[in-house]
Amino acid sequence: MTRDGGSGTPGIDPQQLWLSPGQPRRGRRPGFSREAITAAAVALADAEGLEAVTMRRVAAQVGAGVMSLYSYASDKETLLELMVDHVSGELPTSGALTGDWRTDLKAIAHLQRDLMLRHPWLPTALSTRRSLGPNTLAFLEHALAALRPTGLDGAAKLEVFAQLTAFVAGHVTYELTQAAAAKSPDRAAAEARYLATVAAAGHHPELAEALVAPARPLTPEATFGRFLNRLLDGLGTD
């Protein structure tokens, strides 16, 4: 997945990264692979967050010296490229499309959301431009096929996919923040009291009206579905 159609992080040559993967320059072949290094980095990020992913920690996970990793990933940015494409391989791309682009884009967005919730570091990793590795390309191809019935040109289809991915990444970040806040009920109660006091003062009538409106379902799935519907309604006006 990528948020845009760019060529990736500045300084990284996507052709070298994906079509000419590095191999050890000399000496005996190590007992690990680029796949193993990437999987170890993903496991670290899943467990402890992106800040835990360092070349030293990853090397320790695969039982290697730090320097031996650099033939496979020259720096952390390169490693992040590998990680994003690695987890993108979890996205199914062979499912039949319905021909209804809204239905198919909803399915794609839910797949992206599920992936990001499994890997909470992914929205942050996607906040900078990433190159299109093989797994990312496969999912992009699937999304572009879903958009064929729209009649949009190629550039517009790429924009729609980028917008959808950015929406999902932003929403998952919001979900994770809300989930963390829910673990502190005292803070949530204090926030509610504050807003009620502000609304009662009469200086914010629109806010006061919004606060007394009937509540909508607040489950994460229901909220995501409502926001997604609004986004797709907007895309339909292009």
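This is a predicted model: local features need pLDDT of at least 70, side-chain atom pairs count only at pLDDT 80 or more; totals for chains, interfaces and linings use all residues.

I begin with the largest pocket, whose volume is about 480 Å³. Its lining comprises 15 residues, and those closest to the centre are Tyr174, Gln178, Arg216, Leu218 and Thr223. Where does the lining come from? At least two residues each are supplied by H8, by helix H10, which covers 205–212, and by helix H11, which covers 220–235. The largest contribution is that of H8, with 4 residues.

Let us now turn to Glu175. This residue belongs to helix H8, which spans residues 154–182. Is Glu175 buried or exposed? Its relative accessible area is 12%, and Glu175 therefore counts as buried, the cut-off being under 20%. Once neighbours within four places in sequence are set aside, Glu175 is in contact with Arg113, Leu117, Pro220 and Phe224.

My second residue is Thr78, located in helix H4, residues 76–88. With a relative accessible area of 7%, Thr78 is also below that limit and so is buried. Which side chain does the side chain of Thr78 meet in a polar contact? The partner is the side chain of Ser74, at 3.3 Å. Excluding residues up to four places away in sequence, Thr78 touches Ile12, Leu17 and Ala73.

That concludes my presentation, and I welcome your comments.

Technical notes:
Residues are numbered from 1 along each chain as its sequence is written. Side-chain values use heavy atoms; hydrogens and water are left out. Buried means under 20% relative accessible area, exposed over 50%, partly exposed in between (1.4 Å probe, protein chains only). Contact means heavy atoms within 4.5 Å. On a 1 Å grid over the protein atoms alone, a cavity is a set of points where a 1.4 Å probe fits but cannot get out, and a pocket is an open set with protein on both sides within 12 Å along at least five of seven lines; lining residues have an atom within 4 Å of a point. Grid points are joined across faces, edges and corners, and a volume is the space filled by probe spheres set on the points. A polar contact is a pair of N or O atoms within 3.5 Å; within protein, one must be able to donate a hydrogen and the other to accept it, and residues adjacent in sequence count only if both atoms are side-chain atoms.
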